[in-house]
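Subject: Structure handover

Hello,

Please find the structure below. Notes on what was found in it follow.

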Amino acid sequence: SVNPDLASERQAASFSVEKLTVWLDGGVENTRTRRAVVEAIECDPEFSREDQYFQSQNERYEAAVRKAVHLQKKMHEMGWTEDGPEYKYIYRALAGDVAFLLHRIFMRSISMLGSDKQIAKWIPLASQYKLIGSYAQTELGHGTYLQGLETTAVFDSTTQEFILNTPKISAMKWWPGDMGRSATHTVAFAQLYVQGKCYGVHPFIVQIRSLRDHSLCPGITAGDIGPKMNFEHVDNGFLLLQSVRIPRENMLSRFCEVQPDGTYVRWGSQKIYYFTMTSVRISLLSDEVIVPMMKACTIAIRYSVVRRQSKLKPGEQEAKILDYQTQQEKLLPQLAAAYAFYFINDYLQELFDNGYREIQKKNFDMLPELHAFSSGFKAVVSQHCTSAVEICLRACGGHGYSSLSGLPALYTKILASCIYEGENTILLLQTARFLIKCFMEASAGQPVPPSVTYLVAVKPMRCPAKNKLDFLSPAIYTEAYQHMAARLVSSTAAKLQDLIQSGVKKHDAWNQCTVQLAQAAKAHCHYITVKNFAETVEKLQAQAGIQKIMKHLSDLFALHGIFSNAGAFLHDGYLSGAQMDMVTASYLDLLPLIRKDAVPLVDAFDFTDKSLNSALGSYDGHVYQRLYEWAQKSPTNKQMSPAYEKYLKPLLHNKLSKL
Amino acid sequence: AAAMAVMNADLRRERAAATFQTELLTHILDGGAERTRRRKEIEALVLNDPDFQHEDLNFLSRSERYEQAIRKSSLMVMKLREYGIADPEEIYWFKSFVHRGRPEPLDLHLGMFLPTLLTQATPEQQDRFFMPAWNLDIIGTYAQTEMGHGTHLRGLETTATYDPATQEFILNSPTVTSIKWWPGGLGKTSNHAIVLAQLYTQGQCKGLHAFIVPIRQLGTHKPLPGITVGDIGPKFGFDEIDNGYLKMDNYRIPRENMLMKYAQVEPDGTYVKPVSDKLTYGTMVFIRSLIVGDSARSLSRACTIAIRYSAVRHQSELKPGEPEPQILDYQTQQYKLFPLLATAYAFHFVGDYIKNTYHRISGDISDGDLSELPELHALTAGLKAFTSWTANAGIEECRMACGGHGYSRCSGIPDIYVTFTPSCTYEGENTVMMLQTARFLVKSYRQVSSGQQVTGMVSYLNDLSRQRIQPQRVAARTVTVRITDPASLVEAYKARAARLVEAAAKNLQAELNHRKSKEEAWNRTSVDLVRASEAHCHYVVVKLFTAKLSEISNAAVRAVLTELCLLYALYGISKNTGDFLQVGILTDAQITQVNQHVKELLAIIRPNAVALVDSFDFHDVHLGSVLGRYDGNVYENMFEWAKKSPLNKTEVHQSFHKHLKPIQSKL
């Protein structure tokens, strides 16, 4: 039976939850497949996450390895293949708690950066788990700034080998997943030296553990980097290389090669090294960032209609906390953002697929735009979703702080996404560099990609809205965002020019403008997200029931952004003080409207209880009973506390009598 | 000298370049050179004591961490008495060094159980319970929060029904939601609890009262019949605390176990009312003022780690062809960290102010003069929320500013964060706190509107009525703000607070005029009300920081604190430009100047950044961070630390034989 407080929410839905779910999945066929995969995995006790919150680092690692191994069996059993329609749902169903994710990156980097011959050799070995791969890029001293990596690979033409070394402590590989305990091989990035000349960073396949007994290979020191905020199931590792020799053929050579005589040959663009990262950035958004945020919204919103606290009307029952305006203001903008980012992910995916097709034809024209977008959106979306999960956690009060709510684990996991695959600030500055360049080119009349032509488009300098209802027009708010983004880009470009003209060196001028540049990049991404949401809603005409609620969410996402960045829209008078009051009024009016559909809107995400793994967020809403039951499973309650015999008993029995 | 020899060269250079003496600033933070001396003396007492040494807690399981904490806590109580340390602040230092800034299982016993006995027990009850509790024969906790109710105390459901026949109270947890949930030390440690329950006598509910309830058998430590007690399971942080649950089924305690210094139940069941219920305000003010201080300290620790690490870490290039610069030289890094550094200082002074004000008026309180209490209560509620929210976000920004390594437990920041973040919830959920402050602000606004004058921190509201007579004055205000003068910025913040309080009060009135009920109107205005409270608190912080500057005699220290104060004020404006622009407190041009001046201040503060965190004077052991080490030898020590990780205990992990090897042979 469902808690009546949740049941009543569902009865009041203004739209069909199932229809929305199907639409989000991209069709009824996808929904069916997804549910079948989730069902198959959740029914299998080997994949249970029941004890997850009670396990030690060692136990979680072991469980993740066990699951990864079992998954191979399962896939075989179920007839799932890596290019089948089920594949993309497996990871979601496992909620990421599985080892060998870096094995996938290992394979992907070989597929993208390796020659046909290398692919033919390594990919079959990897896909049959004859070896386990990792991807060793980050070092103790260097992360996002790849050129700074210090590991060296020196070509020895007499033996036709590369000699890999970690010349100093800061050059030690640090953080790569699956490397601390599991991996037998890794793709290591190192500065290539041939005949004394440095050719920059290149990828090399290096064996680090014996395939026979898993012991470390000669010259290799490797291990686990110790406990982290989360990812306890992953053995993030360190790797120290001392004169490790690998054959010449182990340098990945789709785009460049060292020939037997030491001649260095290059085909195509150096930028291609970034392409793996570009693709990873886009693919991580969905599973690692947006899905966790959707889960957090589901938990917090369901809990907020079950939890009753204080009274709104004297004499009545205590109110559901979601009926408080302040609670709505915390959660509903996050819900709107979850949808906004779900849609921007589709947009990016399409952009990326187009780009990938071109790159395979060795046409790199789209790479700068692709790179700029993947950087900027990775930064903006991960930052936003991380804050959102934290807001959800805190909106659940004390119980949110319990691991059993599931929220601490979601939070500590998602926040790593702000750093890995490129630190967010640096990524924003890369996007800003692209925007400034496009702005300059467009100002000079040169062609730029369609996504940025708005930077120099002539538009009105004042917002035409006359009353608060005008702000529910997508044209009005999209233009406000466009204006704001264009203003920030152009004013920063002007500031840069001023500084340079006044004699400041270019790099100093750039550093002096970085705070503004990062803001401009964010504004651009925010604008694209608002615009894409509005356009997505527009395309929904065939489904009126869903379109209406999606329109509300689109409005809320946009107006909340204006409300919380009021200064940026007021700054040059684009919005007047009176118009800002209208925005606020419209924004606050939307809250109770969306409030009515809040539970159906999270139900539509269609997470099973097992995948949420939360005592607060389950579908039936029996929050308190579940909290109580789960707490009793805690190992701390299973035995008499060992601390009692050792410390408490002597403490309680008079050893203090001497005082 | 040996330590100096191995100090990281970057940090050595930073320290040499400081424009002020770090000790002088440390003295200001401690409240005088003598206090600093004494603090360091106590610190040395603890840190040199082999009894308080143990393995890095990051490598221990939760149960092991609890064990270590209990071990240290019992030694701590013994040694405090041995050393004769009795001053509350000195006890706080001692405890904080022993537990390295973390909570400990006896916190509720020492911080709530004993003080509650002192303030609310009758002399007879004190005879019975206090000395046994003092000697730890009784270990108690304070069981208030239930599964279904936290900040909203009136909603608590536990009942205590008086039975005149046996002269006992019958305690019950009538629903799942009424199970006591969260009290620290309840799960495993305590044998008694002070339980808050709805008192029923002669068929009537008399509201919440406190009862002393034995929960475990003395001697065996087993739960008593009628008591179900246990640990609530793993949490985000607080690993060393056994937060617990407690369920009572027709559990009987003698009448004399109700704390009866104020309210009483006579043997026949007659209820005698307490004199005043405002007295509990005092304790709340005190505890919330501690949280303000905690916000400052936790943020200071995070800033220390992030700023030292940013001076050690080199990355990328600023100038082509030159060596990689310290990441602290990047404007974006300064922009992340220096406003937080300024905030840490600001909150420190705010914490001092509340503590001092509380001590000043607590004499009045015990004399029965409660006149200053409502304002202090309202102010403390808001500042508790304002500072804990800001510090909470700030600690995360510090962690993020350390990049990937910040995410490792070795950075120490994850621990600071998970330990600090529940303070946004406990002792009053922050949004509820903000609304309490708002209630006071609206009340004050209404007083002003009806022609009365208000005093204290809200006296700026008096200006609103004057401005209404001369509306031109508002416009005239804009040109008078001088953005390099802290006193002038205080005025700008004052104007913002006044405007937002007025707007919220007017919106509330408009809702009421729509014939809505008081509660509904309040709810529909609460977003505005919270904004008004935030603006009020922000103003108070800027004002107190500015006021502090004039008290500082050393010119070099005053200069650097003035820079921080300006940065704090200007950064706050740049993050809330909408509020200042919308009503014309500042113009577009001034906002541009503010943004520009913020960036100039970053460059001005840069040379003193490391010295400014050194002044917080956290010992490495207390800081618990490899990234934030005083000597800056980060990378070597990260490697040393990682080698101790539990996963590295064997070269080949057992899972290889169990899982990996079989699959490799099969495929």
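How many residues does the contact take from chain B and from chain A? The contact takes 125 residues from chain B and 134 residues from chain A, where contact means heavy atoms within 4.5 Å.

First, the conventions. This is a predicted model, in which local features need pLDDT of at least 70 and side-chain atom pairs count only at pLDDT 80 or more, while totals for chains, interfaces and linings use all residues. Residues are numbered from 1 along each chain as its sequence is written, chains are lettered from A and ligands numbered from 1 in the order in which they are written, and side-chain values use heavy atoms, with hydrogens and water left out.

Between the chains

Chain B and chain A bury about 10,800 Å² between them, with 61% of that on carbon and sulfur atoms. Buried area is the accessible area (1.4 Å probe) that two parts lose on being put together, summed over both. Of the area that chain B buries against chain A, Phe236(B), Tyr407(B) and Leu647(B) supply 8%, more than any other three residues.

There are 4 salt bridges between chain B and chain A; a salt bridge is a side-chain nitrogen of Lys or Arg within 4 Å of a carboxyl oxygen of Asp or Glu. One of them joins Lys330(A) to Glu429(B), whose closest N and O atoms are 3.5 Å apart. The side of chain B that touches chain A has 45 nonpolar, 50 polar and 30 charged residues. In these classes Ala, Val, Leu, Ile, Met, Phe, Trp, Tyr, Cys and Pro count as nonpolar, Asp, Glu, Lys and Arg as charged, and the others, Gly among them, as polar.

Within chain B

Chain B is divided into domain 1 (115–272) and domain 2 (284–451 + 489–614), with bounds that come from an automatic or database domain assignment. Their C-alpha centres are 37 Å apart. In the contact between them, 4 residues of domain 1 meet 11 residues of domain 2. The two domains of chain B bury about 480 Å², and carbon and sulfur atoms give 77% of it. Thr151(B), Phe236(B) and Phe238(B) supply 90% of what domain 1 of chain B buries there, more than any other three residues. The count of salt bridges between these domains is 0, and 1 residue pair is in polar contact.

UniProt annotations

An unreviewed UniProt entry places "domain: Acyl-coenzyme A oxidase N-terminal" at residues 16–132 of chain A. UniProt positions are in the numbering used here, feature names are shortened, and annotations may be inferred rather than shown by experiment. That span of chain A is 68% helix and 0% strand, where helices (H or I, at least four residues) and strands (E, at least two) are DSSP runs, numbered from the N terminus. In chain B the feature is placed by UniProt (unreviewed entry) at residues 22–139, a span that is 70% helix and 0% strand.

For "binding site", UniProt (unreviewed entry) lists Thr138(A) and Gly177(A). They span 40 residues in sequence, yet no two of their C-alpha atoms are more than 10.6 Å apart, so they gather at one spot. Thr138(A) is in the loop between strand S1 (135–136) and strand S2 (152–156) of chain A.

Regards

Definitions and conventions: Polar contact = N/O pair within 3.5 Å; in protein donor to acceptor, adjacent residues only side chain to side chain.
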